[in-house]
Amino acid sequence: QWIDHGGIACTLASHWISLEALDGQGMLWNKRRFGSDLLVALTVEENTEWLGWAQQPSHKHYPQDNICVSLSSKADRDSGYRVEFNARQRTAVLYRGGVEVAAADRGLTRSRHAGGGGPPWFRRNGFLVAKEGGLVRALVNGTEVLRFQDAEPPAVSRVGIGGYDTRVNFSWVEICEM
């Protein structure tokens with residue numbers, strides 16, 4: 001389930017989307033077709049469920065796990081490249097045609113705080129996926145965590161973001177042709 005938060009809904013952001021895929025997966029595909037060399041940058045913020053002041057605990061934080069960025073020729077997460085961030089043991093994993101071809105050799109950095117300890121200061125990470133020719137790179141908070149050189153890269157023209165078994169907020173999504 002995707003939820004679009006439009007307008008001036010809080011003091012931190014005026015627009016973001018939430019993915020609630022606690023028992024499955026969800027992908028949101030950009031309608032535009034792009035060139036084959038792409039850069040996709042996005043901010044992923046934690047999703048928190050407010051239970052009420054009288055409840056103990058008053059809220060629940062969801063981890064930013066299993067975030068997916070797909071580059072493909074059609075709206076199919078397994079037809080081109082898919083990078084999964086904070087997947088197995090909090091690493092990045094790259095799939096090509098649905099088959100794993102590379103994985104980060106270390107865990108990812110933890111979420112950054114965007115200010116004080118109270119709402120609406122969310123924990124957030126910046127994720128970036130870049131494909132130029134046969135080189136595919138993934139960065140987290142400006143640090144490269146995955147690099148793969150493909151001798152026969154598939155053509156890509158579509159971009160999708162999403163995840164599985166997760167509940168997160170997406171904001172500041174940028175897609176650039178390189």
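**Reading an all-strand chain**

Mentor: The secondary structure of this chain comes to zero helices and 13 strands; helices (H or I, at least four residues) and strands (E, at least two) are DSSP runs, numbered from the N terminus. This is a predicted model, in which local features need pLDDT of at least 70 and side-chain atom pairs count only at pLDDT 80 or more, while totals for chains, interfaces and linings use all residues. Residues are numbered from 1 along each chain as its sequence is written, and side-chain values use heavy atoms, with hydrogens and water left out.

Trainee: How much of the chain do buried residues make up?

Mentor: Buried means under 20% relative accessible area, exposed over 50%, and partly exposed in between (1.4 Å probe, protein chains only). Of the 178 residues in the chain, 45% are buried.

Trainee: Which residues have the most contacts inside the largest nonpolar core?

Mentor: In soluble globular proteins, nonpolar side chains tend to be buried together. A nonpolar core is a set of buried Ala, Val, Leu, Ile, Met, Phe, Trp, Tyr and Cys residues joined through side-chain atoms within 4.5 Å. Here the largest core has 31 residues, and those with the most contacts inside it are Leu42, Leu71, Phe85, Leu94 and Phe170. Among the elements that give two or more residues to this core are strand E2 (16-29), strand E5 (67-72), strand E6 (81-85) and strand E13 (158-177). A second, separate core has seven residues, including Ala87, Val93, Tyr95 and Tyr164.

Trainee: How many residues of E6 are buried?

Mentor: In a regular strand the side chains alternate between the two faces of the sheet. In E6, Tyr81, Val83 and Phe85 lie on one side, Arg82 and Glu84 on the other, and all are buried. Five of the five residues of E6 are buried, so this strand is largely enclosed by the rest of the structure.

Trainee: With which strands does E6 pair?

Mentor: Two strands pair if DSSP finds at least two bridges between them. E6 pairs with E5 in the antiparallel sense over five bridges, and leucine 71 has tyrosine 81 of E6 as its bridge partner. E6 also runs antiparallel to E7, to which four bridges join it; there glutamate 84 stands opposite valine 93. E7 in turn pairs with strand E8 (residues 99-103), again in the antiparallel sense, over four bridges. Valine 93 stands opposite alanine 103 in E8. E7 and E8 form a hairpin with two residues between them, and glycine 97 in the turn has a positive phi of about 60°.

Trainee: How many salt bridges does the structure hold?

Mentor: A salt bridge is a side-chain nitrogen of Lys or Arg within 4 Å of a carboxyl oxygen of Asp or Glu. The structure holds nine. Aspartate 78 forms one with arginine 82, their closest N and O atoms being 2.4 Å apart. Aspartate 78 is partly exposed at 34% relative accessibility, whereas arginine 82 is buried at 4%. Arginine 82 also forms a salt bridge with glutamate 84, at 3.0 Å between the closest N and O atoms, and both of these residues are buried.

Trainee: Which pair links distant parts of the chain?

Mentor: Arginine 96 and aspartate 150 meet in a salt bridge of 2.5 Å, N to O. Arginine 96 is in strand E7 (residues 93-96) and aspartate 150 in the loop between E12 and E13, 54 residues apart. Arginine 96 is partly exposed at 30%, and aspartate 150 is buried at 9%. Elsewhere, salt bridges that share partners join Arg77, Asp78, Arg82 and Glu84 into one network.

Trainee: Which residues lie nearest the centre of the second largest pocket?

Mentor: Rolling a probe the size of a water molecule over the atoms shows where empty space is left. On a 1 Å grid over the protein atoms alone, a pocket is an open set of points where a 1.4 Å probe fits, with protein on both sides within 12 Å along at least five of seven lines; lining residues have an atom within 4 Å of a point. The second largest pocket is lined by 15 residues, of which Ile17, Leu28, Asn30, Ile161 and Val173 lie nearest its centre. E13 gives the most to this lining, with eight residues.
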